[in-house]
Amino acid sequence: MKLVDTILRQNSNELKFSDVFSNHNQVWQGSLDSVAFDKEGIKTKLLNLNKPCYIIRFEDEIGVTNEGYLSNSNHGQTGKVEMLITVPPLAIQQLGDPTFLDFHNVKYAYATGAMAQGIASEELVIALGKEKILSSFGAGGLSISRIEAAINRIQQALPEGPYIFNLLHNPSEPAIERGVVDLYLKYGVRTVEASAFLDLTDNIVYYRCAGLSLNPAHKIEIKNKVIAKISRREVATKFLQPAPTKIIKQLVAQGLISELQAKLAEQVPMADDITVEADSGGHTDNRPLVCLFPSILELRDEIQRQYAYEKPVRVGVAGGIATPQSALAAFMMGAAYVVTGSINQSCIEAGTSEHTKQLLAQADMADVMMAPAADMFEMGVKLQVLKRGTFFPLRAQKLSDLYKTYDSIEDIPLAEREKLEKQIFRKSLEAIWEDTAAYLSQRNPDKLAKAANHPKLKMALIFRWYLGLSSRWSNSGEKGRETDYQIWCGPAMGSFNDWVRGSYLAEPNNRKVVDVANHIMRGAAFLYRVQSLKIQGLQMPADYIQYQP
């Protein structure tokens, strides 16, 4: 007996097929030399997404081939070959909504979300953009000059795109939010990711309306695209509907938009895409994706029936997307596109320190918790952060408890104040207030003046000193402050680490955002093919159908 025959016999019956699903109407024509019967060969055939897969039975063994063709006659083929099932070629571009690819000029229905303070860095956006993959620069929390520098660098590297810039809602400093919008309009940033909005502001409406015009065919042209990241139906409703009349009238009165643009704004939604954000890193409502997404999809359809937009708003998914399985689950629910976030922070292009990347690469799904947010501290808003390797979540919660209990710094017992200075701030409260006052005198003098007569606001500003700097320490790798690092992170990070364990991506120094994107999308397409075969009756051992980088 030949060696190859011995191998085939040893691997026989590893694939099983339910004859209940069998279709004997067609016959496979081709060379048996192209058929794989062993595990590695079969997996290679299944991964060849550009070609069809034919599942055949030959002498009681089931094999897979990408070659040959189907016919209705058995001429030239031995009767020992039985055609079981087939699946067609599957391009990765078939996942999601094809209009997303055309609209944003990208190759995948995949994007990376904005991680504030430049964690979603220029390097990250450019690396993905050069591969025609959409990525959002993390402008939140950065100065106007820093954002301007990022615009210049990204536009120089990607003159034709694609790229996005984040527009983070800033309720405590609306002038900063307006300044960012003015910057985007000045430099012709044509797509923004609007995030953390609780309601529409005149700033986001101004950006949207300022890009409306009529083309030569008298069709509405939307130059300023908006991708709105939401986690609540009431917020989604605002972005799915046209801009509020009240705000439009104000913008016209201020001379910021024309009467024509105001009229056109009544006929288009506020957003082109809605990203449904489930349980994610940073700002999150911890909503379960399988409940939230169908609800928003139904809402989209309801509003579409009401307004009959020429181009319906697409609905994508973020939060928990970390593996091919999670991406495929989102696509099968009807997601137009998927967005990754937490997992990109551990990639080499991210604007995080090496220490932070190492901590993220070790994280499990349970290594996260909620902590007070710096930008919305007084409102009691929380965000999801990493708890492994840092005391930040517990220390931030301590500040929140003190803020709720006392009306001023002076009301806090002396012993507690000393603990704050020694254990958390490592600086006197007086020195922290001096730093805070100097910062606000340049950035927000009105708030500084208000704090002089409002002791509780002054206390909040002192506490926000720590909450704000802790994330910067994480990004810059501040020595001696490792236990205070604020690292925005969702459970997806742990899921990703489980998936890549044992592969080259287990090491942070090997993690490139383009590789991660390609593996997630290719893996999702591979798993779709596998599920299609399973539904048709093919039973495969688990190690045949695992996708790992």
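User: How exposed is Asp199?

Analyst: In this predicted model, Asp199 is partly exposed, with a relative accessible area of 41%.

User: Which salt bridge does Asp199 take part in?

Analyst: The Asp199 side chain meets that of Lys238 in a salt bridge, at 3.5 Å from N to O. Lys238 is in helix α8 (residues 233–240), while Asp199 is in the loop between β10 (191–195) and α7 (202–209), so the pair ties together parts that are 39 residues apart in sequence. Lys238 is partly exposed too, with a relative accessible area of 28%.

User: How many salt bridges are there in the whole structure?

Analyst: The search finds 26. One of them joins Arg153 and Glu123, whose closest N and O atoms are 3.1 Å apart. Arg153 belongs to helix α5 (residues 144–157) and Glu123 to helix α4 (residues 122–129), so this bridge ties together parts that are 30 residues apart in sequence.

User: Got it. What about Asp301 and Arg300?

Analyst: Their side chains also meet in a salt bridge, 2.7 Å from N to O. Asp301 counts as partly exposed, at 31% relative accessibility, whereas Arg300 is buried, with a relative accessible area of 16%.

User: Which residues does the salt-bridge network with shared partners join?

Analyst: That network is made up of Arg395, Arg426, Arg481 and Asp484.

User: Nice. Now a charge without a bridge: which side chain of opposite charge is nearest to Lys447?

Analyst: That would be Glu378, 4.9 Å away. A salt bridge needs the nitrogen within 4 Å of a carboxyl oxygen, and Lys447 has no salt bridge even though it is buried.

User: Where does Lys447 lie, and what does it touch?

Analyst: Lys447 is in helix α17 (residues 445–451). Leaving aside residues up to four places away in sequence, Lys447 touches Ser172, Leu440, Leu457, Leu461 and Arg464.

User: Switching to rings: how many aromatic pairs are there?

Analyst: There are 16 aromatic pairs, counting rings whose centres lie within 6.5 Å. Phe377 and Tyr403 make a tilted one, 5.1 Å centre to centre with 55° between the planes. Phe377 is in the loop between β18 (368–372) and β19 (382–386) and Tyr403 is in helix α14 (residues 392–405), so this pair links distant parts of the chain, 26 residues apart. Both residues, Phe377 and Tyr403, are buried.

User: And how do the rings of Phe377 and Phe463 sit?

Analyst: Their centres are 6.3 Å apart and their planes are at 85°, so the pair is edge-to-face. Phe463 lies in helix α18 (residues 455–476) and Phe377 in the β18–β19 loop, so the pair ties together parts that are 86 residues apart in sequence. Phe377 and Phe463 are both buried.

User: Which residues form the aromatic cluster?

Analyst: Phe377, Phe392, Tyr403, Phe425, Phe463, Trp465, Tyr466 and Trp473 form one cluster.

User: Which charged end sits over the ring of Tyr403?

Analyst: The one from Lys456, 4.4 Å from the ring centre. Elsewhere, the charged end of Arg314 sits over the Phe103 ring, 4.6 Å from its centre.

User: Okay, the core. How many residues has the largest nonpolar core?

Analyst: It has 172, and the residues with the most contacts inside it are Tyr184, Ile204, Val205, Phe239, Ile274, Phe425 and Phe463. Helix α20 (residues 513–535) gives the largest share of this core, 12 residues.

User: What does Phe239 touch?

Analyst: Not counting residues up to four places away in sequence, its contacts include Ala194, Phe197, Ile204, Met270 and Ile274. There is also a second, separate core of eight residues, among them Trp28, Val35, Phe37 and Ile56.

User: What do the buried residues of α2 pack against?

Analyst: They pack against β3 (53–58), β4 (61–65) and α20. In α2 (residues 39–47), the buried residues are Gly41, Ile42, Lys43, Lys45, Leu46 and Leu47.

User: Last one: how many helices and strands does the chain have?

Analyst: The chain has 20 helices and 20 strands, and its C-alpha trace spans about 95 × 60 × 40 Å along the principal axes. Of its 549 residues, 54% are buried.

Terms used. Residues numbered from 1 in each chain as written. Predicted model: local features only at pLDDT ≥ 70, side-chain atom pairs only at ≥ 80, totals over all residues. Heavy atoms only, no water. Phe/Tyr/Trp six-rings, centres within 6.5 Å; stacked < 30°, edge-to-face > 60°. Helix = DSSP H or I, 4+ residues; strand = E, 2+ residues; numbered from the N terminus. Buried < 20%, exposed > 50% of the residue type's maximum accessible area, 1.4 Å probe, protein only. Lys NZ or Arg CZ within 6 Å of the ring centre and 35° of its normal. Core = buried A, V, L, I, M, F, W, Y, C linked by side-chain atoms within 4.5 Å. Contact = heavy atoms within 4.5 Å. Lys, Arg positive; Asp, Glu negative; His and termini not counted.
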